[in-house]
Amino acid sequence: MIRDKSTKQPASLPKGVIAVSPPSFRRERTLIKRGVWPVAGCDEAGRGPLAGPVVAAAVVLDPRRIPKGIDDSKRLTAERREELFEEICATASFAVAFASPARIDRDNILRASLWALARAVQALPETPQHVFVDGRDRIDTACDCDAVIGGDGIVMSIAAASIIAKVTRDRLMCALALDCPGYGFETHKGYAVPEHREALDQLGPSVHHRRFFAPVIAAREKHQPATVKPDLFTVETPITPEVSAVI
C-alpha cells in the first residue's frame, strides 16, 4: 500500500484554497525505464449505489499517445469524461469486468469489488507485469501490485481506469433505466439520493437492487412483509454470470 500526498498549498493561493495536482505518469515511466512493461492501472465505479453492478476497469496507456487532460473521473464533467473515454479507447488497451448485485449480496461490496478488479486485469489483451490499483487493498494478480490511496488523482493509469469504469457504468445504468422505469437510474445512476429513496419506498426493490443494503432491506420489508429474512451466511440467490470485456 502506497500513501502519497497529491495536494499542496502554494503561498499565492487564498487561505483555505487547496491546489490539486493532476495525476502523473511518473510511476509508470519509472517502471518502464527498468524494463517493466506492460504497466496497468485499475479502478472501479459503483461501490456506493443501492442498485446496479460494480464496474471495474484496467488500462494500459501507450506512453507515446497519452490523451491530454486525464484526471480522476470525479473531477471531470460528464461531457469531458465521455470525450476522454473515446480518446482512451482509441489509444490504450483496456478491459472491463462487472460484479453483479447477486455477487455483491453474497460476497459483500469490498470483496466483490476486488474480485471485479482482478477480473478486469486478467481480461487485458496482454498480461501486465505490474499493476497499480486505487485504494488500500491490493488485488489478486499474477504480477506485482501496488495499492495507492487516492490513486485516481495521483497515478495516470489509475485515473484513466476511473474514467473507463465510470462512463461504462453510467451508460449501463441508463440502459437499466429502460428495463426498470420509475426509479430514475438514468439520472442518479443508482446512488441513494432522495429521489431514488422515494422511488424505492413507493415501488419496492427491483431485480437490480442490492438486497442487503439498508434502504433496500427497508423497502423490501414494506412491500414484502411476509418475506423471511435470509441468513447472511447462505447464498439465497444464484450468482448470475459476470461478463469481462476487452474493448
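**The pocket lining and a helix**

A: Sorted by class, the residues that line the second largest pocket comprise eleven charged, three polar and two nonpolar ones (Asp, Glu, Lys and Arg count as charged; Ala, Val, Leu, Ile, Met, Phe, Trp, Tyr, Cys and Pro as nonpolar; the others, Gly among them, as polar). This is a predicted model, in which local features need pLDDT of at least 70 and side-chain atom pairs count only at pLDDT 80 or more, while totals for chains, interfaces and linings use all residues. Residues are numbered from 1 along each chain as its sequence is written, and side-chain values use heavy atoms, with hydrogens and water left out.

The second largest pocket holds about 220 Å³ of space, and of its 16 lining residues Glu44, Ala45, Ser73, Lys74 and Tyr191 are the closest to its centre. Here a pocket is an open set of points on a 1 Å grid where a 1.4 Å probe fits, with protein on both sides within 12 Å along at least five of seven lines, and a lining residue has an atom within 4 Å of a point; its volume is the space filled by probe spheres set on the points. Strand E3 (39-45) and helix H5 (156-179) each contribute at least two residues to this lining, and H5, with four, gives the most. Helices (H or I, at least four residues) and strands (E, at least two) are DSSP runs, numbered from the N terminus.

Turning to helix H8, its buried residues are Pro215, Val216, Ala219 and Arg220, where buried means under 20% relative accessible area, found with a 1.4 Å probe on protein chains only. Seen down the axis of H8, these residues fall within an arc of 135°, so they line one face of the helix; the arc is that of the directions from the helix axis to the C-beta atoms. Helix H7 (194-203) is among the elements that cover them. Proline 215, which lies in H8 (residues 214-223), is in contact with Leu50, Arg197 and Leu200, leaving aside its neighbours within four places in sequence, and contact means heavy atoms within 4.5 Å. Although proline 215 and leucine 200 are 15 residues apart along the chain, their C-alpha atoms are separated by 8.1 Å.

Terms used. Buried < 20%, exposed > 50% of the residue type's maximum accessible area, 1.4 Å probe, protein only.
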